Amino acid sequence: MKLINLIIFAACIVIMTSAAKEDDFTALERQQISIGTPGLFDHSEAFSIDFGGYRKSDYSFPLPVGKAEVKGGNELEITTKKGDAVKSMFAGVVRISKHISGHGNVIVVRHNNGLETVYSKNAENLVKVGDKVRAGQTIAIVGGEGGHTFLTFYIMVNGGKINPEIIIHPKSHKLTRRTLMFKRKSSNVETVVVGGDKKQSDKNSEAAYYPLPGAKVISAYGRRGGRTHTGVDIKTTPNDNILAAFDGEVIMSQRYAAYGNLIKIRHEKGLETWYSHNSKNLVQAGDKVKAGQVIALTGQTGRATTAHLHFELHLNGTRLNPSVLFDHSGNSVKMSVYKSFLKTGKISRK
């Protein structure tokens, strides 16, 4: 009898604990996506977040293998393949997990840093209201509509959407390394950059991107088949976005011999990057481009046996191994090398 009573008591505790977790939010908070965050501005008219201090484990892009595009200035549409896992951007507590008309299956996470993130059009939600989640935890399976697989994602402060590019780089999926201040202005919230990588000047910009995020090397720089391979071949899928590695000016955009569709961009201090075999060039000679801008789509034009990007690096007319400046395994730029180059105009070939 005592054992039965203990089991019943334990079950009640579990039920009460579950209810208490959900009761952390009002009925309106559990149903309405855009709603003010209670207590956010109780002690001050502003709060700050230093993203420069975040560790790798403190942040995750919602769909690490997806392709993101800003829609309407305050939402991201992240396209991927069916069955991919949707990740929580930061640590927090699930405020909404339900189907909402016009949004599909929706999850809203209220984060410990004061932000909220919204994940909609999910095929399946894997967490419930009140669940504590960590950054990078799988919270849903991506869905979409009309045969198109995608996630609609946005970031909110006190119930209002903000431009996601203030916090993340959509093309590279990286977190911005800056301190942001969020100030309450009547019924709105103003976002101000107060430290870190503030708006970069056109001159000596340190913005830098790997030209094909998510790619793998299929042919390295150097000797190949009795001749020199003048660049590195990197591959994802046909018609994938190719990004400008750095700020610069397009000096060539045309079909060119074995290169097929080729783009050459001149950067600071005699640096050039070449992008070839493209299915389509999206910029023209004379265009000014920004680091991370989509300049072409991967293809198989020219002498190529598969759709890929042939990428070359040149300095003052001399061809360099791209690996001196790019980390191919991490799909990233060696920023310490690049920053040193901006100061000295030199890159070690080692």
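Predicted model: local features only at pLDDT ≥ 70, side-chain atom pairs only at ≥ 80, totals over all residues.
A polar contact here is a pair of N or O atoms within 3.5 Å, where one must be able to donate a hydrogen and the other to accept it.

**Entry 1: H310**

I started by asking which side chains make polar contacts with the side chain of H310. One is the side chain of H229, at 3.4 Å.

Next I looked up where H310 sits, and found it in strand β27, residues 309-315. Is H310 buried or exposed? Its relative accessible area is 7%, and buried means under 20%, so H310 counts as buried.

I then listed what H310 touches, leaving out residues up to four places away in sequence. The list includes the run H229, T230, G231, V232 and D233, and also W274, Y275, S276 and H277. Y259 is on it too. I checked that one along the chain: H310 and Y259 are 51 residues apart, yet their C-alpha atoms are separated by 8.1 Å.

**Entry 2: rings around Y259 and W274**

Two of those neighbours are aromatic, so I moved on to rings. A search of the whole structure gave me 15 aromatic pairs. For Y259 and W274, the ring centres are 5.8 Å apart and the planes lie at 70°, which makes the pair edge-to-face. This pair links distant parts of the chain, with the two residues 15 apart. I found Y259 in the loop between β21 (248-255) and β22 (261-266), and W274 in strand β23, residues 271-278. Both Y259 and W274 are buried.

What sits over the ring of W274? I found the charged end of K264 there, 3.9 Å from the ring centre. The charged end of K264 also sits over the ring of Y256, 5.5 Å from its centre.

I noted one aromatic cluster as well, formed by Y210, F246, Y275, F311, F326, Y338 and F341.

**Entry 3: helix α2**

Y338 and F341 from that cluster took me to helix α2, residues 335-344, where Y338, F341 and L342 are buried. Looking down the axis of α2, I saw its buried residues fall within an arc of 100°, so they line one face of the helix. On the other side of α2, S336 and K343 are exposed.

What do the buried residues of α2 pack against? I got β23, β27 and β30 (332-333). So β27, the strand of H310, turns up again. After α2 comes G345, with a positive phi near 75°.

**Entry 4: strands**

I finished with the strands. β21 and β22 run antiparallel and are joined by six bridges. They form a hairpin with five residues between them, and A257 in the turn has a positive phi of about 50°. Which residue of β22 stands opposite E249? It is R266. E249 also stands opposite K288 in β25, as β21 is joined to strand β25 (residues 288-289) by two bridges, again antiparallel.

Elsewhere I found an open sheet of three strands in the order β20-β26-β24, with antiparallel pairing. β20 (241-243) and β24 (280-281) are at the edges with a single partner strand each, so one side of each has no neighbour in the sheet. Between β20 and strand β26 (residues 294-297) I counted three bridges, and I242 stands opposite A296 in β26.

Note on methods
Residues numbered from 1 in each chain as written. Heavy atoms only, no water. Helix = DSSP H or I, 4+ residues; strand = E, 2+ residues; numbered from the N terminus. Buried < 20%, exposed > 50% of the residue type's maximum accessible area, 1.4 Å probe, protein only. Contact = heavy atoms within 4.5 Å. Phe/Tyr/Trp six-rings, centres within 6.5 Å; stacked < 30°, edge-to-face > 60°. Lys NZ or Arg CZ within 6 Å of the ring centre and 35° of its normal. Arc of directions from axis to C-beta. Pairing = 2+ DSSP bridges.
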